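Open the structure in your viewer and colour it by chain. The tour below says what to select at each stop and what is there.

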Amino acid sequence: MEEDKISLRHYFSSFGTAVKNGNIFTRLSLIIMGLGHWANGQIVKGCIVTAVEAIFIWVISLIGGTYWPKLNTLGTVQREEKFDPLTMTKTVNHFDNSLLILLFSIVGIVIAFFFAIYYIYNIKQIYEVQKRKEAGLHVNTFKEDCREMINGKFFITLLGLPTIGVILVNVIPIVFMTCIGFTNYDMDHQPPTYLFTWVGLRNFKTLFTSSVSDSFGYVFIRILIWTLIWAIVATFTTFFGGIFLAKFINDKRTKLPAMWRTFFVITIAIPQFVTLLLVGKMFGNNGIVNGICSQIGLTGFLQDIGLVSKGLGYIPFLSKPGWAHVMIILINIWVGVPFQMLSATGLLMNIPTDQLEAAKIDGASERQIFWKITMPYIMFVMGPSLVTSIIANINNFNVIYLLTTDFTTTNMKFANSHGKEVDLLITWLFNLTNNYSNFKMASVIGIITFVICVALTLLSFSKFVQGDREEEFQ
Amino acid sequence: MKKKIVSLLLAASMVATLGACGSSKSTDSSSKADTSASADSTASAEDPVQTLIKNTSGTVKLTLWVSETDAYQKVMKEIVDNFKNEYKDVDFDITIGSESEANTKDDLLKDVESGADVFAFADDQINELVKAGALQEVSQTYTYDPKEVDTDASINSATVDGKLYAYPMTASNGYFLYYDKSVIPDEDAGSLDKILADCDKAGKTFGMELSNAWYLYSFFKGAGLEATLNDDGKTTDCNWNSKDNDPTGAQVADAITTAAKDKAFKNLGNDDQMSAIKDGKMAACVNGTWSSGTISEAWGKNLGAAKLPTFTCNGKQVQMGSFSGFKHIGVNAYSKQPGWSMLLAEYITNAENQSKIYEATGEGPANKADLEKASSPALDALNAQAEFANPQRVGANFWTPGNSLGQSLAEGKYSDAQKLLDDAVKGITAEVK
Amino acid sequence: MTNTKNISDNPIVIKAPVSKRIVRPILRHVWLAFLSFIWLLPIIWLFVTSLSGYSGINTSHFFPETWSLANYKKLLFQPDTVANFPAWFKNSMIIGIFTCLISSIFVMMTAYAFSCMRFRGRKQLMSFSITLGMFPGVLSMIAIYFVMKMIGLTNSIVGLIIIYSAGSGLGFLILKGFFDTISGSLRESAKLDGASELTIFTKIVIPLSKPMIVYTVINAFLTPWMDFVMAQLMIRSKDPRNWTVAMGLYNLVQKTLVGKYFSVFCAGGVMVAIPISILFVIMQKFYVEGITAGGVKG
């Protein structure tokens, strides 16, 4: 943290130095960004930089002029239409669309932010070049600059496009949806017809007090706990299941490994939602499995030992809490293990052979080799992805949504907040937005989920994320 | 050179605006003329359409969303072709999309501006569509007046706050009883007890999706308990937990649980019911016209349809109520062609085309005259149920708590019916936030 | 298989009594057969239902009562107002191929930058990317829709390709972990020979990582075949010709259609498996190459 502060201070102070010590052209570059490059003989680069600046000014004048002034109210003019029955035409006033105001303002702010970073970088760069020139050193030609982009600064080339993509479909939507949590965007305030506006922290208060319905907080806590349990259990079961299966199939003593592998891989080839819907139907209250269970007397047996209530004529595989929780995890193993097996197979085939040889010469047993060499290697490569898997599972929509379509809760507290015991936060959110247009509460739940995810990750996985062990295997 | 172009453009736009002003003024005056000379009413009704045709230049692009079933798509294509012939002078480009009426609201509200100009939807969505400002009010009609020719119930279901917002198309989206005549004799179909007894005897089942508040409503409604929309258009008024009514809410709940505990009674969703009927396991079910194809395929000549039966509550026989269901055609408030959209909506729902739709799909028309002519086991059953049916007017919070109540009652795993009902009613009547 | 052969070539097996040597392998294969059976059961059910003579829903029998190829005929040669499989397949194929290309390249690029290069702010950027990935995707869907609308790409295949591949840069962790294990001295020596980072990236690191890249490619290719939620939101057209396979198939099991199209839906599921299986077969080859590469590396 302290380091960050220092580097941040350095970041701005070096900018200050550049402006203070720069010559007239460097300073003028504050206005026309390419000027310094031109002065130093970098004509093409100067043109590109100036063009970027021109585009930025054009874009920002469009967005800033129209949307930024309305950002504080999110619009004031509500849509009004007047239908003229005689000409059968409609006149609509010049109305504000809160959603677009918010979205475009955010887009503008994001663009301005990145431009500012580039702006500072540009001045510093010009100052560097100026110093080189003053010292009589070689100044890079445009060609050399380009070559640098595939060499020392290759990371800029590599990360450029992916970053733009991430900004487009991740950063902007996230900022936008976070802002929604502080507005009253719900069923009564749906743009474009109606306006929504800022309400401060009211929605957060609503979540923890009882004004939505007295069960919102109750349901939130329970769904959150199940989401976390689900994410952890689902991740680890499929992770280890996949590794053991891969190990088992790749073992020398297993005949026809390619055939066995194909059997499992086939399940990936069929779209998840197709198989999930089918498996859901198989385990339905009236499905095949229940038919077989009642024929062989399993249903009766379970009723006798009290696992299934007598009132039900079926095993509620996917329709009662408890049963459904376990089944969902089991079905998820079915869905997820082949994937993990695939990646683990790729890894097992690439374990550095020298280490294995050395271990064998030392007389290590097969089991020892597996736990001392293979597993640490797999954990090293896959460990960080466990973090992403857990988060992917927190947001695992398909499995839960498709398997619990027939689940009806009997707990009124859940029902009154439109939740189910088997809902993840994400499916609950989806239900709230899709069926009740309740974007503000969905956003609040999303923000809190996000904060919890981040906190948990930082606590338990900081090692992986920081990449402390990066050099270990090299 | 440049200056010349600019000035030309300016002049052109000025002419255009002037022209626009002029034309609106002229129609104004003509309307005054019409009202003063109201003798020829048909002429005045024709006028706006003629004006619209005159003012239309270029291709009129319209999108129409109707049910995805083959029958609907075919008949709509025919109707749209006829519509184009009706207005030969105009160049139309009408796209017919497949969209289940049940999903229209969800799909449309994601982005109203990119939705269809004209769309079919189930009447239960009308409140939320109006509230989101997605529906254009039917403030004026040109070729026929729905209020005159369609049944009162259908007009009622298309009306919010006294304003008509849609054109009724079909009136058979409610539910009723299907039964297999080889198992349940006609005279037994009027009583739930007898139906269940007959099913038990034959080793068959009776299907009704209790865990869906839409069906559950029938029991409470039958017993005289209400679930209706409040004046605010958002919240639901519900007295299912009433202790004063005769029978009380708790007695109705007990009656439902008693029925559901019968071995033949299966609380199953649509898919499972169809599957069970196909296997010959199910001999009766509460379902709607959308299932008639599958059911008649399975039962053939033995297909029977009737109004919902009576059920035993507190020792008395009580007739089950129901939600009536309609399909309406709505015009998108954001349509770029409001005039043509309205005309198309009118055209689709006029008497002639309603009967065409009925012939193609078997769904009962909303038009009074057509409805009298139409006859099929399913429609007759719906007709018989009509006097016990109410349009669906409930708020958004009715559904999830209602579904849960149904599930609890079907399982019968509750200790205190009154408390269960109190909890459910609390959720149903909660404020929408 | 060279590696695993070496691992298991150990004295314990050789010394084991005969009974163990015979019983154990049998048990091993019985266990595998049992697992395969469980994993394949739903797939078999899907397959036999797709061959059912009855087109409606039937969830209580395993094997159909009558057999027929009618569902496949209907699916492939008789497109109607709700099912236009050839068009869906074409759309999904286009989306799949481009998404697969773009996102595999993005993942490789970010993984290389984070694993093999050192620059200021690298760790912060990595942490930031991981944090971004934690935001519930379903929630931001509606915002993504309006971002796409802003650049005029809703209702189009291009828009879907962008949505599926643009964020893929965040999924670099596994591949980065793998790149980390590639010996750094290999890169250093290449650099001394005058190779640029681009050359090292394309000529050394990528060839060495084939098995993991295969995994990345497969994952990227699968996304558009599986997703129906985002596709339903993005593709506003109600003309089946503009849908993707996932959207179209999901639509077939809605209330009004399931009674007529359930077996067709199953047939569709089987048909989708074909291109993906072909992809697997092609990719198997690279797995083998990956092994030899691993040998060189060690």
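Two strands count as paired if DSSP finds at least two bridges between them. Keep that in mind for the first stop, and note that this is a predicted model.

Stop 1: Select residues 81-84 and 89-92 of chain A. These are strands β1 and β2, which pair in the antiparallel sense over 4 bridges. Which residue of β2(A) is the bridge partner of A:K82? The partner is A:T91. Now show the 4 residues between the strands, where A:M88 has a positive phi near 55°.

**Stop 2: a sheet in chain B.** Strands pair through backbone hydrogen bonds, either parallel or antiparallel. Display the strands of chain B in the order β2-β1-β3-β17-β6: they form an open sheet of 5 strands with mixed pairing. β2 (91-98) and β6 (167-170) of chain B are at the edges; each has a single partner strand, so one side of each has no neighbour in the sheet. On average, neighbouring strands of this sheet are turned by 25° against each other, direction ignored.

Within the sheet, pick β1 (residues 59-66) and β3 (residues 118-122) of chain B, which run parallel and are joined by 2 bridges. B:W65 is found opposite B:F119 in β3(B).

Stop 3: Colour 56-165 + 327-365 as domain 1 and 175-324 + 378-428 as domain 2. Their centres, taken over C-alpha atoms, are 31 Å apart. Where they meet, 11 residues of domain 1 of chain B are in contact with 11 residues of domain 2 of chain B. On the domain 1 side, α5 (126-131) and α7 (152-157) of chain B each supply at least two residues. That side has 1 nonpolar, 5 polar and 5 charged residues.

**Stop 4: chain C and its neighbours.** Show chains C and B together: the contact takes 22 residues from chain C and 26 residues from chain B. Helix α15 (residues 255-297) of chain C gives the largest share of the chain C side, 5 residues. Next, show chains C and A, whose contact takes 90 residues from chain C and 96 residues from chain A. The chain C side here has 56 nonpolar, 29 polar and 5 charged residues.

**Stop 5: a helix in chain C.** Select residues 85-116 of chain C, helix α5. Is α5(C) mostly covered or uncovered? The helix is mostly covered, with 23 of its 32 residues buried. From first C-alpha to last, α5(C) reaches 44 Å, close to the 46 Å expected at 1.5 Å a residue.

Methods. Residues are numbered from 1 along each chain as its sequence is written. Chains are lettered from A and ligands numbered from 1 in the order in which they are written. This is a predicted model: local features need pLDDT of at least 70, side-chain atom pairs count only at pLDDT 80 or more; totals for chains, interfaces and linings use all residues. The expected span of a helix is 1.5 Å times one less than its number of residues. A residue is buried if 20 or more other C-beta atoms lie within 10 Å of its own, exposed if 12 or fewer, and partly exposed in between; C-beta atoms are placed from the backbone. Two residues are in contact if their C-beta atoms, placed from the backbone, lie within 7 Å. Ala, Val, Leu, Ile, Met, Phe, Trp, Tyr, Cys and Pro count as nonpolar, Asp, Glu, Lys and Arg as charged, and the others, Gly among them, as polar. Domain bounds come from an automatic or database domain assignment. Axes are lines fitted to C-alpha atoms, for helices over the stretch in contact, and angles run from 0 to 180 degrees between N-to-C directions.
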